[in-house]
Amino acid sequence: MQTRLAADVGGTFTDLVAVSDGTVSVEKVASTPDAPEQGVTDGLRAIADRAPPESVAYFAHGTTVATNAVLEGEFAETALVTTTGFRDALEIGRQDRPDIYELHGTKPEPVVPRDRRYEIDERLDERGEVLEPLDEASAEALAERIDAESVAVSLLFAFENADHEERVGEALRAAGIDSVSLSSAVLPEIREYERTLATALNAALRPRMDAYLGRLATDLGAAGVEAPLRVMGSDGGVVAADEARRRPVGTLLSGPAAGVRGAAHVAGRLGREDLLTMDMGGTSCDVSVVTDGEPLVTSDVEVGEYPVAVPMVDVHTVGAGGGSVARLDEGGALRVGPESAGADPGPVCYGRGGTDPTVTDAHCVLGRIDPGAFLGEVGGAVDETEAALESLGDRLGVGPREAAAGVLRVADANTARALRVVSVERGYDPREFALVAFGGAGPLHAAAVAAEVGVPEVLVPRSAGVLSAFGLLVSDVTHEVARSRVRPWGAVAADDLRARFERFEREGEARVPDGLPVEHDRYVDLRYEGQSFDLRVPVPEPVEAATLSAVADRFHERHAERYGHAAPGEPLELVAVRVRTRGVVEPPTLEGPPESGALEDAIRETRTVRFESDHETPVYDRERLPAGASTGGPAIVEGPDATAVVRPADRLTVEEDGTLRIEVGR
């Protein structure tokens, strides 16, 4: 027996999904934030009877180590080396202000303080030609002066010519500094601030990520797992652990990216390629968009306070989750989140001493979830939950059930607003998409949110509560090579562009494990001359003059979709050339749901559930729902890791692979 195993570490739980001979095994264990690798090994022990460590042939990991370090500002002692005159690029930043009406706004704290930022005499022009040579003696002397755990090197126009950076890096290593990050390797693209920031963040994260993945690899080996460790990248692809240790800035959205990839895979098996995804957990909700079966990848993402320009799945996050606390603001309006009850004490219904009403408590009061069922041995505090919503209702002038319904409406509105950000505001019509809902709380809200946004169909995958972990098992092994090359598009020769693509493809193939089929995705970043920002456009084969003309036409179409206008007569400018090499991973074959059986046999109980009014509602055991079963709402479907709500106006169908399809009524 061979096992494919994935471990996704979240803030509250570490999720493990194992696939052996088509059988899926799921395990949730408490995360251990101070030593995340401990949660993974705890999960390995818990799932060992179904997935013996010695049987693991493939192991993939989603991690929040880099994300948490950025959000909490826990960086290694880092130095920065720049071209003379550019020492303060990190501090100057961009002209953007978080609040345009704040006259005295503050910028994020620089990743590297000024007293650890160093300048060196050298200069290249915008084409990479040497204007001022790098003096080797100066580089060696500077390297001896620097006293830091990790060093970032970001020299002017190094994306056109990396020679000076590489020589500075050699001098630093010769001086005994092992952790060196070069901008020409981390983000070899234009925009001085973004390139320097990404390189500084990479250097600041590298010692911590290197130590963590080193410990995890050692623990996996000690546990008997011989499969090489792979880590989910922010762009929706898996990379080798060595790559993640060298370039941790590429793992900042590791977990959310895996969830979107898993959603795309599940929907793709059903023939749905245009999707909105909704991953709602205990604290937040991550939403994203998938078109033509591929997650939307962007370089315009903020993590914490920092605009990190490395390619990432375009995920938008709001503070709406099962643990989001309901409260009244100073004006007496009902608000939900972003404050969360967390895992301890958690929602009131957990029975762990929580007192603030949450979204999960509202579901309990309305009968949509049964604390004893979804929390198992934890049980519920029914009276305390009712009292918390009654107290909120007293302040609103309504009863506890009306207050609970109001809490859910506010949470749904927050999530719907986030979905509009990634769809309508990016030129996509939600009526042409399906919504894939996952996470522990996503299926509870999906139908109501879809109705508000205008999405006609909801898909709830099997094991929805651990879909991010499952997404790790269906993600290709990837490596992206990109270089900025700012030139007039009309002056780009097809032969030169094809040769550059082929060189990047060879570089990418060297990073893909032997035995995996290799595919390449070719892109160029284009903009109108004079613009500050660009759009990524795929380049089909063969690369010839007619292809370049077609790429220009596609850019105009993308510009109109994204910004509502285009200027086909205006000249274009090439900004970057990139190739994404994929080692194609064969998705595991999974067992389906029961092929036969009566729908009524899957009913656990009938419960009074409040929608617009009270309804006697059948509660189904998801594991017993047969393929092809269909019923009108209302219905509650309880699975081992998530509960789905089907409203009275909706219709539920069980697909052949066990996915729940909800046709959304109005």
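This is a predicted model: local features need pLDDT of at least 70, side-chain atom pairs count only at pLDDT 80 or more; totals for chains, interfaces and linings use all residues.

Student: In what order do the four strands of the open sheet with mixed pairing lie?

Tutor: Strands are DSSP runs of E with at least two residues, helices are runs of H or I with at least four, and both are numbered from the N terminus. Two strands pair if DSSP finds at least two bridges between them. Here the order is 29-30-32-33. Strand 29 (603-610) and strand 33 (643-646) are the edge strands, each pairing on one side only. On average, neighbouring strands of this sheet are turned by 25 degrees against each other, direction ignored; axes are lines fitted to C-alpha atoms, for helices over the stretch in contact, and angles run from 0 to 180 degrees between N-to-C directions.

Residues are numbered from 1 along each chain as its sequence is written, and side-chain values use heavy atoms, with hydrogens and water left out.

Student: In which sense do strand 29 and strand 30 pair?

Tutor: Seven bridges link strand 29 to strand 30 (residues 614-621) in the antiparallel sense. Within this pairing, threonine 606 has proline 618 of strand 30 as its bridge partner.

Student: Which sense of pairing is found in the open sheet with the order 6-5-9-10?

Tutor: The pairing of these four strands is parallel. Strand 9 (residues 150-154) runs parallel to strand 10 and is joined to it by four bridges; valine 151 has valine 180 of strand 10 as its bridge partner.

Student: Which strands does helix 4 touch?

Tutor: Contact means heavy atoms within 4.5 Å. Helix 4 (residues 136-145) packs on the sheet and touches strand 5 (78-83) and strand 6, its direction making about 170 degrees with that of strand 6. Helix 7 (residues 192-223) lies across strand 5, strand 9 and strand 10, at about 165 degrees to strand 9.

Student: How many disulfides does a search of the whole structure find?

Tutor: A disulfide is a pair of cysteine sulfur atoms within 2.5 Å. The search finds zero. Cysteine 349 is in no disulfide, and its nearest cysteine sulfur, that of cysteine 364, is 3.6 Å away. Buried means under 20% relative accessible area, exposed over 50%, and partly exposed in between (1.4 Å probe, protein chains only). Cysteine 349 counts as buried because its relative accessibility is 0%, and cysteine 364 counts as buried at 14%.

Student: How many aromatic pairs are found?

Tutor: Rings of Phe, Tyr and Trp (its six-membered ring) pair if their centres lie within 6.5 Å; planes under 30 degrees apart count as stacked, over 60 as edge-to-face and the rest as tilted. The search of the whole structure gives three pairs. One of them, phenylalanine 157 with phenylalanine 159, is edge-to-face, at 6.0 Å centre to centre and 70 degrees between the planes. Phenylalanine 157 is partly exposed at 23%, whereas phenylalanine 159 is buried at 10%.

Student: Over which ring does the charged end of arginine 4 sit?

Tutor: A charge sits over a ring if NZ of Lys or CZ of Arg is within 6 Å of the ring centre and within 35 degrees of the ring normal. Arginine 4 has its charged end over the ring of tyrosine 58, 4.7 Å from the centre. That of arginine 536 sits over the ring of tyrosine 523, 5.9 Å from the centre.
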